[in-house]
Amino acid sequence: MKLRSRLTIWTNRLGAALLLAAACPAQVPEDLQRRFEKADRAIVRLPPSAFPELPGNLAAELQRRSCSIPQAFPEKRHNVIRGQFAKPGQTDWAVLCSVNGVSTILVFWNASEKNPAEIASMADRNRLQGAGGDTIVYSRAITTVGKSFILQHYRAYGGPQPPPLDHQGIDDAFVEKASVVLYFHQGKWLELTGAD
């Protein structure tokens, strides 16, 4: 059975319990709470130095902030992306920065360490899900997406109408579940329809 199918079956069975555990830990069985807490502690978080593609100034800023980069199962070395998130022709970097169990997407404009945007903060434990058997894994991943992805998902699922699209967005995914596209427009971050 493929991993996607196993994740779907397991998630359907325990998904509600895991979401409840994240929101109201006192209302779930103790054994599930313990497994959930163990999975939270076991999230793989890599140091900025594990990403040699990162410009040195950004790696230094991430270290200064005590950031580590959480890794979604089963992939390795991700949640550091680059794209044109502000305007065409400008290379920006986005990093999922985890500090004290809370991850925030930091967007470094034009590869500068000064004044990064800080968006979409949430507790890492809120992106745990079942992966078969008693396994619970971290499942948050960011990727760079363009106009075709944004329009395809808007046409398929509706949601907020995208503005004129001339640069890229950040797909913030709860892997195998759903995502939201974060798109910078007129000085604000919009939440556009992602995968369902």
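Which residues of helix 3 are buried?

1. The model is predicted, so that local features need pLDDT of at least 70 and side-chain atom pairs count only at pLDDT 80 or more, whereas totals for chains, interfaces and linings use all residues. Residues are numbered from 1 along each chain as its sequence is written, and side-chain values use heavy atoms, with hydrogens and water left out.

2. In helix 3, residues 56–64, the buried positions are Leu-58, Ala-59, Glu-61 and Leu-62, where buried means under 20% relative accessible area, exposed over 50% and partly exposed in between, with a 1.4 Å probe and protein chains only. Seen down the axis of helix 3, these buried residues fall within an arc of 160 degrees, so they line one face of the helix; the arc is that of the directions from the helix axis to the C-beta atoms. Helices (H or I, at least four residues) and strands (E, at least two) are DSSP runs, numbered from the N terminus.

3. On the other side of helix 3, Gly-56 and Arg-64 are exposed, while its buried residues pack against strand 4 and strand 5, contact being heavy atoms within 4.5 Å. Just after helix 3, Ser-66 takes a positive phi of about 60 degrees.

4. The largest nonpolar core has 20 residues, and those with the most contacts inside it are Phe-85, Ala-94, Ile-105, Val-107, Leu-128, Ile-142 and Ile-170; such a core is a set of buried Ala, Val, Leu, Ile, Met, Phe, Trp, Tyr and Cys residues joined through side-chain atoms within 4.5 Å. Among the elements that give two or more residues to this core are strand 4 (92–99), strand 5 (102–108) and helix 2 (30–41), and the largest share, three residues, comes from helix 2.

5. Not counting residues up to four places away in sequence, Ala-94 touches Asn-79, Val-80, Ile-81, Phe-85, Ile-105, Leu-106, Val-107, Ile-142 and Ile-170. A second, separate core of 12 residues includes Leu-58, Leu-62, Ile-69 and Cys-97.

6. An open sheet of four strands has the order 9-10-11-12 with antiparallel pairing, two strands being paired if DSSP finds at least two bridges between them. Its edge strands are strand 9 (140–145) and strand 12 (188–193), each of which pairs on one side only. The twist averages 30 degrees from one strand to the next, with axes taken as lines fitted to C-alpha atoms, for helices over the stretch in contact, and angles running from 0 to 180 degrees between N-to-C directions.
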